[in-house]
Amino acid sequence: MAGGLSPQMYVAASQSKPQAKAYDSALYVTKLAKRPLSYSTNLVIILGMMQVSKKIPFDDPQVLMAVRALYVVSNLIILGIYLYIQSKINAKKDLTTLKYVEPPPMGSAEEPKLVTTTIHSYDLQQLRSMYKSQLMGVGMMAVMHLYFKYSNPLLIQSIIPLKGAFEGNLAKIYLFGNPAIGDLKRPWKAAGGLMGMGGAGEIKSDKKSIEQAEKSGSGGVKEE
């Protein structure tokens with residue numbers, strides 16, 4: 001959810017506010033259409049669940065409790081997946097050296113930085129980012145539901161994050177046993193910001209970029 005609300009939070013929030021303007025949602029859908037297949041699939045699920053949620057009587061206390069329970073169970077499953085992946089990362093403890101050139105923050109005048117780490121440290125760093133992202137999502141959902149009294153997003157947030165947990169690169173490697181080649185070769189591309197816009201430049205791991213960074217004297221070791 002780097003860069004702002006995730007697709008499901010944005011659409012769910014828009015649905016919960018009758019005054020949301022149609023052109024705003026249309027612009028968001030247009031932007032999402034340019035993103036990878038997983039985003040398009042998420043959009044289909046979101047739009048479908050929006051229609052389903054309209055028929056759910058959230059004003060019924062028993063129905064509301066059931067949806068809340070579904071959301072809690074979904075997050076517990078995600079936590080279980082992350083803990084399992086963490087145990088697999090630590091069990092394997094791959095100390096193979098990994099070098100890549102990290103782009104400077106957007107709008108910064110800094111030079112690209114050479115990062116020297118290990119696969120073990122890199123994977124743990126990626127997992128920490130996943131934990132942080134999920135906690136942010138739960139926090140935002142708590143504010144929307146408990147403070148603003150929006151219940152519709154609970155349904156969508158019970159499905160999309162769980163789907164994402166199974167589709168992540170770490171899950172593909174440690175949960176499903178896919179080899180770290182092709183799109184799964186580390187380092188992985190950074191996720192885009194809100195609506196697929198902006199973000200920092202591309203992470204580079206080619207020999208030429210690494211050599212240039214080494215000659216410029218930028219870089220260091222990324223600790224665990």
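Contact, in these legends, means heavy atoms within 4.5 Å. The structure shown is a predicted model, in which local features need pLDDT of at least 70 and side-chain atom pairs count only at pLDDT 80 or more, whereas totals for chains, interfaces and linings use all residues. Residues are numbered from 1 along each chain as its sequence is written, and side-chain values use heavy atoms, with hydrogens and water left out.

View 1. Ala180 is found in the loop between helix 8 (169-175) and helix 9 (207-216), where helices (H or I, at least four residues) and strands (E, at least two) are DSSP runs numbered from the N terminus. Beyond its neighbours within four places in sequence, Ala180 is in contact with Ile173, Lys185 and Arg186. From C-alpha to C-alpha, Ala180 and Asn169 are 8.9 Å apart in space and 11 residues apart in sequence. With a relative accessibility of 30%, Ala180 counts as partly exposed; on this scale buried means under 20% relative accessible area, exposed over 50%, and partly exposed in between (1.4 Å probe, protein chains only). Arg186, one of the contacts of Ala180, is joined to Pro187 by a cis peptide bond with omega of about -5 degrees, and Pro187 also lies in the loop between helix 8 and helix 9.

**View 2. The packing of helix 4 and helix 5.** Helix 4 (residues 61-92) and helix 5 (residues 119-147) pack with their axes 10 Å apart and at an angle of about 170 degrees; axes are lines fitted to C-alpha atoms, for helices over the stretch in contact, and angles run from 0 to 180 degrees between N-to-C directions. The two helices, helix 4 and helix 5, are therefore roughly antiparallel to each other, a term used for angles over 145 degrees. Residues of helix 4 including Leu64, Tyr71, Ile78 and Ile89 meet residues of helix 5, among them Leu124, Leu127, Met130 and Met141. The residues of this contact divide into 14 nonpolar, 7 polar and 2 charged (Ala, Val, Leu, Ile, Met, Phe, Trp, Tyr, Cys and Pro count as nonpolar, Asp, Glu, Lys and Arg as charged, and the others, Gly among them, as polar).

**View 3. Thr118 in strand 2.** Thr118 belongs to strand 2 (residues 113-118) and, at 19% relative accessibility, counts as buried. Its side chain makes a polar contact with the side chain of Ser121 at 3.1 Å (a pair of N or O atoms within 3.5 Å; within protein, one must be able to donate a hydrogen and the other to accept it, and residues adjacent in sequence count only if both atoms are side-chain atoms). Neighbours within four places in sequence aside, Thr118 is in contact with Asp94, Leu95, Thr96, Thr97 and Leu98.

**View 4. Two lysines with positive phi.** Lys93, although not a glycine, has a positive phi of about 40 degrees; Lys93 sits in the loop between helix 4 and strand 1 (97-102) and is partly exposed, with a relative accessible area of 46%. Lys149, also not a glycine, has a positive phi of about 65 degrees; Lys149 is found in the loop between helix 5 and helix 6 (152-157) and is exposed, with a relative accessible area of 62%.

**View 5. Confidence along the chain.** The mean pLDDT of the chain is 82, and 75% of its residues reach 70 or more, pLDDT being the predictor's confidence in each residue, from 0 to 100. Over residues 1-5 the pLDDT is below 50, and it stays under 50 over residues 16-25. Where pLDDT is low, the predicted coordinates should not be read in detail.

Methods: Parallel < 35°, antiparallel > 145°, perpendicular 65-115°, else oblique.
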